[in-house]
Amino acid sequence: MSIAVQTQPPGRAGGQDETPLVSVVIPCLNEAENIETCVTAALEAIVRMGVPGEVVVADNDSEDDSARLAEKAGARVVVERRRGYGSAYLAGFAASRGTYIVMADADLTYDFNEIPRFVDELEKGAEMVIGDRMDNIQPGAMPWLHQYVGNPILTGLLNLFFRTGISDAHCGMRALRRDVLPRLDLRTTGMEFASEMVIRASKENLRIAEFPIEYHPRGGESKLSSFRDGWRHLRFLLVHSPNHLFILPGAVMAILGALFIFIVEAGINLFGRAWGVHAIIGGALLMIVGTQVLALGLCAHAYGTYFMGERDPWFDRMRARFRLEHGLLLGGLFMLVGVALGAVILISWIDHGFGSLSYERLAVVAAAVLIVGIQIFFSSFLLSILGLRRR
């Protein structure tokens, strides 16, 4: 990361030579209207606490006078020229020196007088603290689409996928201990940074605390794009949850396809009617696609485990219990059944003097089973190749 640090006397609360206990990090992009007020409020909160502290403004290559005004108000300013909410915070974290890091936006939506409460929770043993805005949103502070649709849905999905139990996963005022940053291994550069922090904290089993805070109308122009940034959050949730993106949908499709083939071949009336070859084709398609999606999910799990340091109890149990040979055996059995069914068709065709084939449904089943077997066989090898990275 390329960070240009502006040289100026560092603005601190407390003695000039003291190592700060608290670093307030504020990302800033064209916030000339608000940044002085935010920096002043943060410094005053630290002074009232009576502890050494600092305010670090991570200027995201602003085109206005934000950096100079922040510096004038007493902040230490670092410039991150790569635009993005996450980029700014990563630069601010790298430049800060406090034992505790408090995060807040530069748009006046958060009350910097809450800083002592965040620090107090960290002192009590929490490793990350997140504010909860949802019951204390002042009139006009948040668009109804964000308040009643976007935030509840994205927070609900995050809690469903990762079991965090957080009430407001996208609150911009939060705090964490500096010593947990290496464990979080934060990487994202955009607005999804907020989701990444919560997801990584959950996966690392950090002690997370939260309490209600107020959310005020912002000053200046909003930088948030509702649909673009909402999609970035949703995309991040799905990419980091292979179980919900791949495993569950794949398993459902494969099982439904196999059941449908069985029902049709067994002559069972479904929904009050008998089904023919077209239903068999649909079932075969579901089974093949479902198996492929399942294989992709297992490979995604393997990549996350071996290359990204992810941990998933379910996948860890599976890889401890099953080996390459188990996958090869299962795939081989499917291929054997498919070949056997194909042989039945071939023998019948020969027996009838190479006339027209009359086993359309059986041919579709044989092809589907053979394809599934091939998918399992070679996906097992791919999983084994990914596992070579294992230490």
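Is Asp 316 buried, partly exposed or exposed? At 26% relative accessibility, Asp 316 counts as partly exposed. Here buried means under 20% relative accessible area, exposed means over 50%, and partly exposed lies in between (1.4 Å probe, protein chains only).

The model is predicted; local features need pLDDT of at least 70, side-chain atom pairs count only at pLDDT 80 or more, and totals for chains, interfaces and linings use all residues. Residues are numbered from 1 along each chain as its sequence is written, and side-chain values use heavy atoms, with hydrogens and water left out.

The protein chain contains 13 helices and nine strands. Both are DSSP runs, numbered from the N terminus: helices are H or I with at least four residues, strands are E with at least two. The C-alpha trace spans about 95 × 50 × 40 Å along its principal axes. The radius of gyration of the chain is 28 Å, whereas a compact globule of 391 residues would have a value near 21 Å. This radius is taken over C-alpha atoms, and the globule rule is 2.2 Å times the number of residues to the power 0.38. Of the 391 residues, 46% count as buried.

Salt bridges were searched for across the whole structure, and 21 were found. A salt bridge is a side-chain nitrogen of Lys or Arg within 4 Å of a carboxyl oxygen of Asp or Glu. Asp 316 takes part in one of them, with Arg 319, at 3.2 Å from N to O. The two residues are separated by about one helical turn, because they stand three residues apart in helix α11 (residues 313–321). Arg 319 is partly exposed, at 30% relative accessibility. The C-alpha atom of Arg 319 is 14 Å from that of Ser 379, which is 60 residues away along the chain. Ser 379 belongs to helix α13. Its relative accessible area is 16%, so Ser 379 is buried.

A second salt bridge joins Arg 117 to Glu 114, with the closest N and O atoms 2.9 Å apart. Arg 117 is partly exposed, at 37%, while Glu 114 is buried, at 13%.

Arg 133 forms a salt bridge with Asp 168, and here the closest N and O atoms are 2.6 Å apart. This pair links distant parts of the chain, 35 residues apart: Arg 133 lies in the loop between β7 (128–132) and α5, and Asp 168 in the loop between α5 and β8. Both Arg 133 and Asp 168 are buried. The charged end of Arg 133 also sits over the ring of Tyr 215, 5.0 Å from the ring centre. For this contact, NZ of Lys or CZ of Arg must be within 6 Å of the ring centre and within 35 degrees of the ring normal. Elsewhere, a network of salt bridges links Glu 127, Arg 183, Arg 200, Glu 204 and Arg 207.

Eleven aromatic pairs occur in the structure. Rings of Phe, Tyr and Trp (its six-membered ring) pair if their centres lie within 6.5 Å; planes under 30 degrees apart count as stacked, over 60 as edge-to-face and the rest as tilted. Phe 93 and Phe 193 make a tilted pair, 6.1 Å centre to centre, with 45° between the planes. The pair bridges 100 residues, from Phe 93 in helix α3 (residues 85–95) to Phe 193 in helix α7 (residues 193–203). Both Phe 93 and Phe 193 are buried. Phe 377 and Phe 381 make an edge-to-face pair, 5.6 Å centre to centre and with 70° between the planes. About one helical turn separates Phe 377 and Phe 381, since they are four residues apart in helix α13 (residues 360–386). Both are partly exposed: Phe 377 has a relative accessible area of 23%, and Phe 381 has 34%. One aromatic cluster is formed by Tyr 85, Tyr 89, Phe 93 and Phe 193.

Backbone angles were examined too. Most residues other than glycine have a negative phi. Asn 30 has a positive phi, near 55°. Asn 30 sits in the loop between β3 (22–28) and α1 (35–49) and is partly exposed, at 26%. Arg 163 also has a positive phi, of about 55°. Arg 163 lies in the loop between α5 (144–162) and β8 (174–177) and is exposed, at 77% relative accessibility.
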